[in-house]
Each structure stands twice: as C-alpha cells, then as structure tokens.
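Here's a quick question-and-answer tour for your first look at a protein model. Keep the picture open while you read.

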Amino acid sequence: MDLADIALFRTIVSVGSLSAAARQIGATPMLVSRRLAGLEAELDVRLFHRTTRSLSLTHEGEAFLPHAVALIEARDSALESVSTAGSGLSGVLKITAPNVIGHSVVVPVVADLIADNPALRVDLTLSDGVVDIATAGLDVAVRVAVMKPSDMIATRLADNPFTLCASPGYVTRFGEPRTTGDLVRHPCIKLHAMDTWPFMRDDEMDQVRVNGALSASTVDAVRAACIAGVGIAYLTYWDVHKLVERGELQRIILADVEPLEVGIWAVFPTRTQMPARVRALIDALRERLHAGADAGSHATSGSGSRGRA
C-alpha cells in the first residue's frame, strides 16, 4: 500500500474535493481520481460517495480515516527522527484555536517556534466553533471546555475558570448583582447558543437563564460590548484577565454560586506517537499559559480586586 496514496486520501478528506486536492499537491484532477481509484481497488472498498457536485465519505471511508491518519503520522515521525536531529523542528504544524486565545497565546508561541526553527511551517485556523480535527487533517486543537481526559485524546494545558464581569461605568450606573436572582434582572451579553450560564451550586451545575438586548457570535464582540457598558458578561479568565488588571472591567462575585471551572486543552486526532513539533508546541503553550496565570494572580492580589478568576 502506497503511503503517498494514503496521504492523498487524507488530503481529499481535508479539502473536500478532488480538484482542490489536485491543486494542493500540484497534480491534475484526473491523476488524483486515478490514484484514489487505485487505493480503493487495493482496499476493495469504496472510500467516497462521489457525484458531480458533492463528495462524502462512505462508512468504510470513515472507518479507514483514523488508520490513514495514524499511518501518515507514523511516517512523518519516522522521517523526523532521522532528518531533523540537531537541526530543529520541521514539517507543517496544523493548529486550530479559539480567536481570543489564538491571538493572545497561540500566535506569540508560534512566532517563537518559527524563529527558532526555520524549517518549520505553521497553518493556524482561528475559530470559536468546534472543528473536526481528524477530517480537517489538523495536528492539534486548542479548546476551552469542561472535559475529562477520557472524553477525547487530550491533555490539559491550564485552568480557565469562568468570570462574571462588567465595566466600572455599568456598575456605577446600575449596581452589581449579589445573587443569581439579581443577575437575571440585569442585561446580560450572551454568546450565540448560550442562553443559560453554567454555575456551580452546592457541588452541582446550575444553568441560569439570562436575558439581554445583545447577543454576539464571538468573544471579541461580547468583550467590546461589556467594556462599552452594555451589560454583564460571563467569559473565561483568559478572555478578560488583562482587562480586569487594567481596570477596564471588574469582576462580579455572586454569593449563592461559584463560577464554573473549565480548562484549556490540547486535543489530538490519534493516540499514535506525537511528532516533535507538536510536543514542542504543547510544552511552549503550557509554559506561556502558566506564566500568564501567575502574572495575573500577582497583579490581582496587588490591585485589591475582588478575587481571581
């Protein structure tokens, strides 16, 4: 079985069409179609449902995909082990991350890695949506979530608890809620598809339904509206800690509940051997997040703020 054809199969899945795969590898669509047909003949299965307008994996294609990814990763790791010893990281590192953490944490880490490793290439996708990393052919996804290690192939990078906050101007005009009963009477700025806000009450999750005139699709938009005094926001520590340190936002602490504890996770497509470039990224992300959390904690304790997110 030709690993190049298996890599082509993964590329087709990632880009979604034979013509796009052909452009990516610098071949003709006819050649890509012939190579795919050869792989299907060797496997004695049909990997894709193909029409003139659409391409989708068959059941057999879905079953084969994780094995294809594992085979390609094993090949890349083997080549990396003999070709880059002492010469730094190489290859293409494909990452997805949320917008805020992507800009504030991932981009600086990636910039340092590229500076130290001239042969390394990085493909970074920033999205607040959840990307199917196996289908997209990604190496790692940085996610903010409540997750147990057993839920996915993942490692926890840092704590990232939710933080209830408002602008000082808003608090001066309207006061701040003291309980969840007060909170529901304040205008709240919601992320799309998040009509309820999760808190912990007596060691159990309590979903509190909130209301407000504005909802938005991105964390950036919610933060900007909160700074402008539109209402109260419920974001995570890494979304707002610098704004709190600068006094642009202030934390609100409720007496009857605790904010939900979530984490920043690195999620991987397979359990196979991790390439050195991925290990280096994870180590650098963890170091930067922990350094930032320590600095935020020191700034909070020295500023008289009402508690650490």
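**A hairpin and a helix**

Q: In the hairpin of β9 and β10, which residue takes a positive phi?
A: Strands here are DSSP runs of E with at least two residues, and helices are runs of H or I with at least four, both numbered from the N terminus. The hairpin of β9 and β10 has two residues between the strands. The one with a positive phi, near 55°, is Asp202.

This is a predicted model, so local features need pLDDT of at least 70 and side-chain atom pairs count only at pLDDT 80 or more, while totals for chains, interfaces and linings use all residues. Residues are numbered from 1 along each chain as its sequence is written, and side-chain values use heavy atoms, leaving out hydrogens and water.

Q: Over how many bridges do β9 and β10 pair?
A: Two strands pair if DSSP finds at least two bridges between them. β9 covers residues 196–201 and β10 covers residues 204–209. Thr196 has Arg209 as its bridge partner in β10. The pairing is antiparallel, and the number of bridges is six.

Q: Which residue in β14 is the bridge partner of Phe199?
A: β9 also pairs with β14 (residues 258–259), in the antiparallel sense over two bridges. The partner of Phe199 there is Pro259.

Q: Why do the buried residues of α3 line one face of the helix?
A: Buried means under 20% relative accessible area, exposed over 50% and partly exposed in between (1.4 Å probe, protein chains only). In α3, the buried ones are Val32, Leu36, Leu39 and Glu40. Going by directions from the helix axis to the C-beta atoms, they line one face because they fall within an arc of 100°.
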